[in-house]
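Please look at the sequence and structure below before reading on.

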Amino acid sequence: MAGPANAAPIIIKRKKVVVSGGHHGGAWKVAYADFVTAMMAFFMLMWLLNATTEKQRKGIADYFNPTIPVNRISGGGDGAFGGDSIFSEQTLAQSGTGASSQKPTAQNAALGATDGAKTQEAKVLKEIETALSARGGESMTMQQALRHVVTKVTDEGLVIELFDLQEAALFVGDTAAPAKITYDIAAMLASVLDLTANELAVSGHVKSMPITLINNPVWDLSSERAQVLRSLLVDGGLATDRTQRVSGYADRKPVTPDPTADRNNRIEIILLREDR
């Protein structure tokens, strides 16, 4: 049966569906995370190279080296026994390199020679400290002089540091003219340094100027003060051929957070290690 004549026509709409590429996933996030991790590892490596000693770097390298046996000799630590085994002198190196004090090698003296150098260095330091303390008890002048002196051991050798006090400077103003106390210190050190035969290095350091100057005198001033102290040591009886170098570092190596502090005015006398 036909429908009504006035019935509405039937309209069929066909929608064209466009299929997109969809979600691409998180592969880029993984790649970015790998990049950030690599950069972090790189900066950590740079920091370790700058902040560790040669022995500590060797210990770190040994830790990540799968060919090193578990009972290796060197650990590179700075804790108990300095990272060394308590039996390191009775046990030869297991990796085929290095030596002990009983069987050192010419190319790589390793642990034995290092321990011997440390023992000798500690002995020298003790002798110098004892001699300085003895001189300090001689008079009030020497006691006042020793307030300007500190000693420390570095990778380069034993450092005797002479520095300004707030109420007593080693040099007159911003010049290289030594104060009276500097003459007393130099004479005392010249006699104390005769206890050793190590070569010396003298370096000058000064504080930063409070304002920026067109002709900043810090370079010339630090070098001149180092030269003056070297001359005073020679006048006190120190052999001239023991001085290996004299240098000025200007204000580039401050020892205080404030680079303009008087404490940064100092002279460092370094007793160089014999193996350097």
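The text below covers the salt bridges, then the cavities.

The model is predicted, so local features need pLDDT of at least 70 and side-chain atom pairs count only at pLDDT 80 or more, while totals for chains, interfaces and linings use all residues. Residues are numbered from 1 along each chain as its sequence is written, and side-chain values use heavy atoms, with hydrogens and water left out.

A salt bridge is a side-chain nitrogen of Lys or Arg within 4 Å of a carboxyl oxygen of Asp or Glu. The count comes to 9, including these pairs:

| Pair | N to O distance |
|---|---|
| Lys-180 and Asp-184 | 3.5 Å |
| Lys-207 and Asp-262 | 2.8 Å |
| Asp-251 and Arg-252 | 3.4 Å |

Lys-207 and Asp-262 link distant parts of the chain, 55 residues apart. For accessibility, buried means under 20% relative accessible area, exposed over 50%, and partly exposed in between (1.4 Å probe, protein chains only). Lys-207 is partly exposed at 22%, as is Asp-262 at 28%. Asp-251 is buried at 16%, whereas Arg-252 is exposed at 58%. A network of salt bridges links Lys-152, Glu-161, Arg-263, Arg-266 and Glu-268.

A cavity is a set of points on a 1 Å grid over the protein atoms alone where a 1.4 Å probe fits but cannot get out; lining residues have an atom within 4 Å of a point. Among the residues lining the largest cavity are Lys-207, Asp-251, Arg-252 and Arg-266.

Terms used: 1 Å grid on protein atoms, 1.4 Å probe; cavity = no way out; pocket = protein on both sides within 12 Å on 5 of 7 lines; lining within 4 Å. Helix = DSSP H or I, 4+ residues; strand = E, 2+ residues; numbered from the N terminus.
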